[in-house]
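This briefing is for a reader new to the structure.

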Amino acid sequence: MKINVAKAAGFCFGVKRALKIALDTAHSGAKVEMLGDIVHNEDVVKEISDAGVRKINRLGRGTNKTLLIRAHGSSIEIYERAAKLGYTIVDATCPMVKEIHKIVKALKREGCDVIIIGDRIHDEVRGIMGQLNGEAVVIDDVKKIPLAKIKNIKKAGVVVQSTQNLERTTAIVEFLKGHISEVKFYDTICKPTRMKQKEIRNMPLKNDIMIVIGSKKSANTKRLYQISNSLNKRSYWVQSKDEIKPEWFQDARSVGVMSGASTPDYTTKDIIEYLQAI
Ligand code: SF4
């Protein structure tokens, strides 16, 4: 059985960068706190916690503490509140997410109504909304577009959560163009996501089986799996080698392996070794 590993498998550069910043800051002796998990992956969360970074649910007294802003970014309000509470802020927001923040603020200054294509409960989308005081319309599905709101918009500025599916995004943008007279669209899907999506549209057609690796909490892994499964029903989404069943591979001549942007390389390597053993 041939094992074909995606070139774009694993950590994206934004996650690698955020992890390095988190670990460097913790090792410098700072008392580091973080609102929520650094990425949606249990192994990485444990690594960070073992290094001494504390996950918190709300800001507390910040004196002698460092607040680490995660790769997904944060609202302006969090930066302001943290500074007032005395935190030192270390910002690990991915530069590509920062770019989205800049775009939406510019769109608002130009008088556009901002529309974000993405998952409204995802931290990245919350962070983008938090640049605009929450004044944005969020759309995650072409079938759930709030028509009443859309019809009143004359000039829209549209951005996309960095890990969204390109095809779904295109369908939503086309719909918006049909209902709003002026639509300025910024395709802000990031390069690592694009590369992953390009491969995941191809690999399931060329391999008998697809293994997509990543946490069940990871939205980008979920999307990779959904695309893979739509193209090849023998697609499996696993978090670790323990979930893999040897019988999946009966008569298989090839298996494609892809992992999400928050999946560490050691998990992928572990699974590849297991597949080699099968
Ligand atoms: S998925 Fe893209 S935007 Fe998000 S952290 Fe990775 S590189 Fe940055």
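The model is a predicted one, in which local features need pLDDT of at least 70, side-chain atom pairs count only at pLDDT 80 or more, and totals for chains, interfaces and linings use all residues. Residue numbers start from 1 along each chain as its sequence is written. Helices (H or I, at least four residues) and strands (E, at least two) are DSSP runs, numbered from the N terminus.

**Helices α8 and α10**

- The axes of α8 (residues 191-200) and α10 (residues 219-231) come within 9 Å and cross at roughly 25 degrees. Axes are lines fitted to C-alpha atoms, for helices over the stretch in contact, and angles run from 0 to 180 degrees between N-to-C directions.
- The crossing of α8 past α10 is right-handed, meaning that the near helix is turned clockwise from the far one by less than a right angle (left-handed if anticlockwise).
- On the α8 side the contact is made by T193, K196, Q197 and I200, and on the α10 side by N220, L224, I227 and S228. Two residues are in contact if their C-beta atoms, placed from the backbone, lie within 7 Å.
- Three of these contact residues are nonpolar, four are polar and one is charged. Here Ala, Val, Leu, Ile, Met, Phe, Trp, Tyr, Cys and Pro count as nonpolar, Asp, Glu, Lys and Arg as charged, and the others, Gly among them, as polar.

**The sheet with β6**

- Four strands form an open sheet in the order β7-β6-β8-β9, and their pairing is parallel. Strands pair if DSSP finds at least two bridges between them.
- At the edges are β7 and β9 (182-185), each of which pairs on one side only.
- On average, neighbouring strands of this sheet are turned by 25 degrees against each other, direction ignored.
- Strand β6 (residues 113-117) is largely enclosed by the rest of the structure, because four of its five residues are buried. A residue is buried if 20 or more other C-beta atoms lie within 10 Å of its own, exposed if 12 or fewer, and partly exposed in between, with C-beta atoms placed from the backbone.
- β6 is joined to the parallel strand β8 (residues 155-160) by five bridges, and D113 has A156 of β8 as its bridge partner.
- β6 is also joined to β7 (residues 137-139), again running parallel, by three bridges; I116 stands opposite V138 of β7.
- Helix α4 (residues 95-109) lies across β6, β8 and β9, at about 175 degrees to β8.
- Helix α7 (residues 166-179) lies across β6, β7, β8 and β9, at about 180 degrees to β8.

**The sheet with β12**

- The order β1-β12-β10-β11 describes an open sheet of four strands with parallel pairing.
- β1 (2-5) and β11 (235-238) are at the edges with a single partner strand each, so one side of each has no neighbour in the sheet.
- From one strand to the next, the twist averages 20 degrees.
- Four bridges connect β1 with the parallel strand β12 (residues 254-259), where G256 stands opposite N4.
- Helix α11 (residues 265-277) lies across β1, β10 (209-213) and β12, and runs at about 170 degrees to β12.

**Loop residues**

- Most residues other than glycine have a negative phi.
- N64 has a positive phi, near 60 degrees, and is not glycine. It is in the loop between β3 (54-56) and β4 (66-69), and is exposed, with 10 other C-beta atoms within 10 Å.
- N133, also not a glycine, has a positive phi of about 60 degrees. Its loop runs between α5 (123-129) and β7, and N133 counts as exposed because 11 other C-beta atoms lie within 10 Å.
- K245 is located in the loop between β11 and β12. This residue counts as exposed, with 9 C-beta neighbours inside 10 Å.
- From C-alpha to C-alpha, K245 and I3 are 16 Å apart in space, and they are 242 residues apart in sequence.
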